[in-house]
Amino acid sequence: MIKVILCGYRDWAFETFNTISKHPRIKIVEKISSKEEFDKKISQLDPKEVDFILFVGWSWIINKEVTDRYICLGIHPSDLPNFRGGSPIQHQILQGVKKSKVSLMTLSSEKLDGGDIWLKTDLLLSGDSMEDIFRNLTESSINCLNKFLDIYPNIRPLPQKISEGSYFVRRKPEESKMKIEDFSTKSLEEIYDFIRSLTDPYPNAYIEDELGNRLIFKKVKYVQKVNRIE
């Protein structure tokens with residue numbers, strides 16, 4: 001059996017864990033859903049009783065003491081080494097990426113999202129909301145992890161070519177602000193991508209007048225014209 005500690009706190013992480021927990025080769029040593037819980041429990045666990053720690057939808061940096069003691073693996077929603085760093089889904093959508101990857105990588109305290117790659121599976125960034133995209137992400141993560149569990153430990157990771165990739169910082173709430181002129185200078189699809197990438201649970205896209213009143217976009221729908229051949 002493959003002995004695993006599962007760490008994640010987002011809904012899509014819970015759904016991913018619930019599914020892969022049914023894999024016939026996995027044994028769940030512990031499930032952890034917060035940084036406080038992680039800090040408390042990790043010192044009480046025996047590394048000899050764990051094959052690896054899996055982080056899914058995890059937002060906190062793992063310190064060197066942990067990465068030195070355990071094999072730490074994480075899911076990143078991009079085709080690494082592209083779009084390393086924060087807000088990878090938003091940055092990809094805003095750059096017009098439609099088809100991406102889920103990357104299973106080794107977590108390192110030295111380079112953010114720069115660890116060796118174990119496996120990748122396809123990820124579609126389609127859908128009118130982040131709920132749709134998280135559904136795609138869940139399915140892709142489950143596929144990736146089930147394939148990994150099928151073949152582990154008969155698999156070796158490959159180093160990333162960091163110099164050939166890209167890195168982005170986490171988006172800030174104020175970056176959700178749109179300008180009135182965006183509606184005349186940007187294409188409808190660009191506006192659609194901006195709004196849909198910032199649907200709940202992220203700070204929603206909005207426009208603001210000179211008095212500070214805001215119009216907030218919670219939902220969006222883009223209907224592409226179909227040219228019919230008579």
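**Terms and their grounds**

Tutor: Pro 201 is placed in the loop between helix H7 (188-196) and strand S10 (206-208), where helices (H or I, at least four residues) and strands (E, at least two) are DSSP runs numbered from the N terminus. A cis peptide bond joins Asp 200 and Pro 201, with omega about 15°. This is a predicted model: local features need pLDDT of at least 70, side-chain atom pairs count only at pLDDT 80 or more, and totals for chains, interfaces and linings use all residues. Residues are numbered from 1 along each chain as its sequence is written, and side-chain values use heavy atoms, with hydrogens and water left out.

Student: What makes Phe 83 count as buried?

Tutor: Buried means under 20% relative accessible area, exposed over 50%, and partly exposed in between (1.4 Å probe, protein chains only). Phe 83 has 11% relative accessibility and therefore counts as buried. Phe 83 lies in the loop between S4 and S5 and has a positive phi of about 60° although it is not a glycine.

Student: Why is Ser 87 called buried?

Tutor: The relative accessibility of Ser 87 is 12%, so Ser 87 counts as buried. Ser 87 is in the loop between S5 and H4, and its phi, near 50°, is positive in a residue other than glycine. Most residues other than glycine have a negative phi.

Student: How do you know that S1 and S2 pair?

Tutor: Two strands pair if DSSP finds at least two bridges between them. Six bridges join strand S1 (residues 2-7) to strand S2 (residues 26-32), and the strands run parallel. Within this pairing, Ile 5 has Glu 30 in S2 as its bridge partner.
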